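User: Hey, could you walk me through this one? I'd like to go over a few residues with you.
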Amino acid sequence: QVQLVELGGGLVQPGGSLRLSCAASGRIFRINDMGWYRQAPGKQRESVAVITSGGNTNYADSVKGRFTISRDNAKNTVYLQMNNLKPEDAAVYYCYADLISDSAGWYWGQGTQVTVSS
């Protein structure tokens, strides 16, 4: 059984930084893309950042220049470094991995709350 475990959410003041991590474990044969979505109250879930197995990245316009996604393939872990956080970044952040296990597909983390407030 595949599991994605997220760490690193919390409360931060505007302009502050947080680093999220998401580790995939279990019977995994291959991980393709990994990334992060977020969902704020009353809003749809939106893509924040994605990173391919080769390290290519893509970001939502709203976070470009402030967020950095990275991954450690040896650890099956993806990270999201979030700098200069704004109140509008507050949301539940979900990681995902497009991977091949006993079945192929997207697997999701449990979500971690990021609150940006003074």
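User: Are C22 and C95 buried or exposed?
Analyst: Both C22 and C95 are buried, where buried means under 20% relative accessible area, exposed means over 50% and partly exposed is in between, using a 1.4 Å probe on protein chains only. Before we go on, this is a predicted model, so local features need pLDDT of at least 70 and side-chain atom pairs count only at pLDDT 80 or more, while totals for chains, interfaces and linings use all residues. Residues are numbered from 1 along each chain as its sequence is written, and side-chain values use heavy atoms, with hydrogens and water left out.

User: OK, how many disulfides does the structure hold?
Analyst: The structure holds one, counting a disulfide as a pair of cysteine sulfur atoms within 2.5 Å. C22 and C95 form it, with their sulfur atoms 2.0 Å apart.

User: Which parts does that pair tie together?
Analyst: C22 is in strand β3 (residues 18-25) and C95 is in strand β9, so the pair ties together parts that are 73 residues apart in sequence. Strands here are DSSP E runs of at least two residues, numbered from the N terminus.

User: And why is the disulfide right-handed?
Analyst: Because the torsion about the S-S bond of C22 and C95 is about 55 degrees.

User: What does β9 pair with?
Analyst: β9 runs antiparallel to strand β10 (residues 104-108), and five bridges join them; two strands pair if DSSP finds at least two bridges between them. A hairpin through three residues joins β9 to β10, and D98 stands opposite W106 in β10.

User: Switching topic: where is D89 found?
Analyst: D89 is in the loop between β8 (77-82) and β9 (91-100). D89 is buried, with a relative accessible area of 1%.

User: What does its side chain reach?
Analyst: The D89 side chain reaches the backbone nitrogen of K86 at 2.8 Å.

User: Which residues does D89 touch?
Analyst: Leaving out residues up to four places away in sequence, D89 touches R38, V63, R66, F67, N84, V114 and V116. Contact means heavy atoms within 4.5 Å.

User: Where does V114 lie?
Analyst: V114 lies in strand β11 (residues 112-116), and V114 is buried with a relative accessible area of 0%. Not counting residues up to four places away in sequence, V114 touches G9, G10, L18, L20, M82, D89, A90, A91 and Y93.

User: Last one: what separation do the C-alpha atoms of V114 and R38 have?
Analyst: They are separated by 9.4 Å, with V114 and R38 76 residues apart along the chain.

Terms used: Helix = DSSP H or I, 4+ residues; strand = E, 2+ residues; numbered from the N terminus. Polar contact = N/O pair within 3.5 Å; in protein donor to acceptor, adjacent residues only side chain to side chain.
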